[in-house]
Amino acid sequence: MSTPVIQTDLGHAGWQAIVADPAAAVIATDFDGTLSPLVEDPARARPVDGGLDALARLARSVRQVAIVTGRPALVATELTGVTAHAGLASLVVLGHYGLEQWDAATGKVTSDAVPPGVAVARERIPGILQAAGLPDAFVEDKESSLAVHTRRLPDPTGAFDRLRTPLTELADATELRLEPGNLVLELRPPGVDKGIALRRLLESTGAQSILYAGDDLGDLAAFRAIEEHRKTGMNAVLLATRSSGAADLIAAADIVVDDPTGVVTVLTALSDAIAAR
Ligand SMILES: O=P(O)(O)OC[C@H]1O[C@H](O[C@H]2O[C@H](CO)[C@@H](O)[C@H](O)[C@H]2O)[C@H](O)[C@@H](O)[C@@H]1O
């Protein structure tokens, strides 16, 4: 398989560094919209064909493979099916934007404390949806955070826009953070994001290079953290999918693909290049 189209010099340098010394590399990917196609019901999201195989193949030669997601870590492990998949015994899943970490090696989740604001927000959200005339918006209760989805409403974008201000006010009042995503508004604990999660991962693994794949606004913090690391010599490849149409993320990427199938193509090409070196 040939090298994918890498649009930047930094991306070329990152690719070459990973190929030259995979044992010093982290491969990290978001789940929804990146490893899994977007679907109406969050409970039905599954990895695209070949996604786990591509990660497992890379896991043989790189230092660490990780899934970094807004989902609870255990939900992500269930939806992905990673525990039943051969070759992923060293995988880590950073859930809730890094609030949690699940290690395949132990099967255990470690988690920071959930702030009391989540319980308060849980009580107030139904009233906010009612007041906005959107009582049927789907609330995904993730225990440590709450996601209000508008994808299944008659006017998903209009509903998203209508809920943004009251849910921002609720986040402020409960000392939570509003995380806007693809037709979803999440209230989650402050002090965590995918950038912080990745910084911790890079530090704990001592990695010198990274490929990160994402699709949505929540992945921008990861991209920004990696851009900072690049200034201190880290080699990196930033891979974006067009799944969520996140313009800032796409503009910052070294490689852009249409969807999760494109991610599999890139990861497979990277494995091939490592095997051929
Ligand atoms: O960090 P991620 O793995 O990308 O998770 C972010 C949120 O993704 C999920 O919502 C998105 O995917 C759904 C299923 O395809 C889709 O219906 C929804 O419109 C998308 O926004 C998930 O439900 C959230 O909990 C995640 O935080």
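**Terms and what they rest on**

Colleague: Across which strands does helix H4 (residues 117-131) lie, and at what angle to S7 does it run?

Modeller: Helix H4 lies across S6, S7 and S9, and it runs at about 30 degrees to S7. The names come from DSSP runs numbered from the N terminus, where a helix (H or I) has at least four residues and a strand (E) at least two. Residues are in contact if their C-beta atoms, placed from the backbone, lie within 7 Å, while angles run from 0 to 180 degrees between N-to-C directions of axes fitted to C-alpha atoms, for helices over the stretch in contact. Helix H5 (residues 156-173) also packs on this sheet, where it touches S7, S8 and S9 and makes about 5 degrees with the direction of S9.

Colleague: What kind of model is this, and how are its residues numbered?

Modeller: This is a predicted model, in which local features need pLDDT of at least 70 and side-chain atom pairs count only at pLDDT 80 or more, whereas totals for chains, interfaces and linings use all residues. Residues are numbered from 1 along each chain as its sequence is written.

Colleague: What makes S6 and S7 a pair?

Modeller: Two strands pair if DSSP finds at least two bridges between them, and S6 and S7 have 4 bridges in the antiparallel sense, so by that definition they are a pair. In the hairpin of S6 and S7, 4 residues stand between the strands, and Glu143 takes a positive phi near 65 degrees.

Colleague: Why is the sheet with the order S6-S7-S9-S8 called open?

Modeller: Its 4 strands are paired antiparallel, and strand S6 (138-141) and strand S8 (177-181) at the edges each have a single partner strand, so one side of each is left without a neighbour. From one strand to the next, the twist averages 20 degrees.

Colleague: Which strands stand at the edges of the sheet of 8 strands, and what makes them edge strands?

Modeller: That open sheet has the order S5-S4-S3-S2-S1-S10-S11-S12 with mixed pairing, and its edge strands are strand S5 (108-111) and strand S12 (255-257), each of which pairs on one side only. Within it, strand S2 (residues 64-68) and strand S3 (residues 92-95) run parallel and are joined by 3 bridges, and the bridge partner of Ala66 in S3 is Val92. Helix H6 (residues 194-205) lies across strand S1 (25-29), S2, S3 and strand S10 (209-214), running at about 165 degrees to S2.

Colleague: How is the chain divided into domains, and how many residues are in contact between them?

Modeller: An automatic or database domain assignment sets the bounds, giving domain 1 (9-112 + 193-276) and domain 2 (117-188). Their C-alpha centres lie 27 Å apart, yet 13 residues of domain 1 are in contact with 14 residues of domain 2.

Terms used: Contact = placed C-beta atoms within 7 Å.
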